[in-house]
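Welcome, and thanks for taking a look at this one.

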Amino acid sequence: MGEALEARMRERLGRECLYVPSCRLGLYVALRHWCRPGGRVLMSPVNDDVIFFVVLAAGLRPVQAPLDARDGSIDGSAVPEATWRSLDAVLTTNLYGNPDPAPGLRTRCDALGIPLLEDAAHAMGSRIGGRPVGAYGDASVFSLSKHTAAKTGGFLAIADPELRGTLRDARDALLAPSRLSAEIAYALRPYAEAGVRGLRLVRAARAVMRLLGMEEREEIRMPLRPEELKQAVAEAPALPPFHTWVRVDMHDYRISPGRARLRRTARLLDRLDDRLAAHLEGTRRLLASPWGAPGPGPVQPLFRVPLLVADRDAAVAALARHRVTTGYLYDPPLDDYASELFTDPSPDPEPARWFARHALPADPLEADRIIAVLDAAGVRPATAAGGPEGGAGV
């Protein structure tokens, strides 16, 4: 399954790669292999809630990390020593493509004798320390739904090629058979999304997308359903009790791909370098805008550029009036969303709260249009974290 895709990714990353139907399934396979049930995993609180539920499904306790408010990356230096000594693994996020400090985290994990796992879903083209994101962990997961726009598939990359057979068998045990309905839904998705972007039939197109399991959230976070979640946690590690959370916005996350899906994915992967070049150019323009927050390292081909605005919701509304959809918002942070019932809170939650409240994920492929809309709407930049708020912004 996906051998040609695996070969292309192996050449790009320099690691053994295993094709998976989705990044979330690949992460579950990795967590089950490298972490004992009941273990504690350091992760970012500004992250997709699906990933949070995958960690819980693997029978693990999420531990929320302090963040750098400039870009949402993990601040390893702010993790208390007692917390470090209690961990069984570290899971990076590389939010929007901004790299987490993988070299330092790798060193710390090695000293503690625990695995480093990299979620590189947003960071297929990002680099740190002269190496690609995903080349530091014992395992890393990539998504083909993001930079390639394949809307399906991903990779589990592993440092030790001897583990390929074991992980392949673990993947295969979780796969559901390919279904004609799933392949039809996948074929229809580009047309449904084109309808959403078009001038007409927006409501109808969104209704179709919801029917096909492509767009389910009414709010930024999905409903937690704590009483049901308690029961699911009691049954972990296992995917079935968490299925209604893990499948959100991707009902075919563990379905074996059909040939048409694999062929389309291969065509899009062939164009990845051109897409990355376009993302890089758009990222440069967005970071040079009044709302950009360039980091200390080289500019990356970000999947989304987190512009920092005084009033995020007003900025989202201004863009929506011009039919620019804003996705990949992660507010509130996971420790506020899930509470201490289901996660250990960050020792310093304010930087994550500030970043989640002010970050406006901007598509670099729409850079000029987004800049024009925000400028015309009078959207103001956010002040530095910890300072006074910048006002309504529009």
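Accessible areas come from the Shrake-Rupley method with a 1.4 Å probe, and for residues only the protein chains shown count as cover. On that basis the protein chain exposes about 16,400 Å², with carbon and sulfur atoms supplying 53% of it. This is a predicted model, where local features need pLDDT of at least 70, side-chain atom pairs count only at pLDDT 80 or more, and totals for chains, interfaces and linings use all residues. Residues are numbered from 1 along each chain as its sequence is written, and side-chain values use heavy atoms, with hydrogens and water left out.

**Overall make-up**

- The protein chain holds 16 helices and 11 strands; these are DSSP runs numbered from the N terminus (helices H or I with at least four residues, strands E with at least two).
- Of its 394 residues, 55% count as buried, where buried means under 20% relative accessible area, exposed over 50%, and partly exposed in between (1.4 Å probe, protein chains only).
- Among contacts (heavy atoms within 4.5 Å) between residues at least 6 apart in sequence, 70% join residues at least 24 apart.

- An open sheet of 7 strands runs in the order 1-9-8-5-4-2-3 with mixed pairing; two strands pair if DSSP finds at least two bridges between them.
- Its edges are strand 1 (16-20) and strand 3 (61-64), each of which pairs on one side only.
- Neighbouring strands of this sheet are turned by 20° against each other on average, direction ignored; axes are lines fitted to C-alpha atoms, for helices over the stretch in contact, and angles run from 0 to 180 degrees between N-to-C directions.
- Strand 2 (residues 40-43) runs parallel to strand 3, joined to it by 4 bridges, and Leu42 stands opposite Val63 there.
- Helix 2 (residues 23-34) lies across strands including strand 1 and strand 8 (139-143), at about 170° to strand 8.

**Strands 10 and 11**

- Strand 10 (residues 305-308) and strand 11 form an antiparallel pair over 4 bridges, in which Leu307 has Leu360 as its bridge partner.
- In a regular strand the side chains alternate between the two faces of the sheet.
- In strand 11 (residues 359-362), Ala359 and Pro361 point one way while Leu360 and Ala362 point the other, and all are buried.

**Cavity and pocket**

- Cavities and pockets are found on a 1 Å grid over the protein atoms alone: a cavity is a set of points where a 1.4 Å probe fits but cannot get out, a pocket is an open set with protein on both sides within 12 Å along at least five of seven lines, and lining residues have an atom within 4 Å of a point.
- Grid points are joined across faces, edges and corners, and a volume is the space filled by probe spheres set on the points.
- The whole structure has 1 cavity of 30 Å³ or more, and residues lining the largest cavity include Val46, Tyr96, Phe355 and Ala359.
- The second largest pocket holds about 520 Å³ of space; of its 24 lining residues, Asp71, Pro99, Gly295, Pro296 and Gly297 are the closest to its centre.

**Backbone details**

- The peptide bond from Ala236 to Pro237 is cis, with omega near 5°, as is the bond from Asp331 to Pro332, with omega near 5°.
- Lys151, in the loop between strand 8 and strand 9, has a positive phi near 65° and is partly exposed at 25% relative accessible area.
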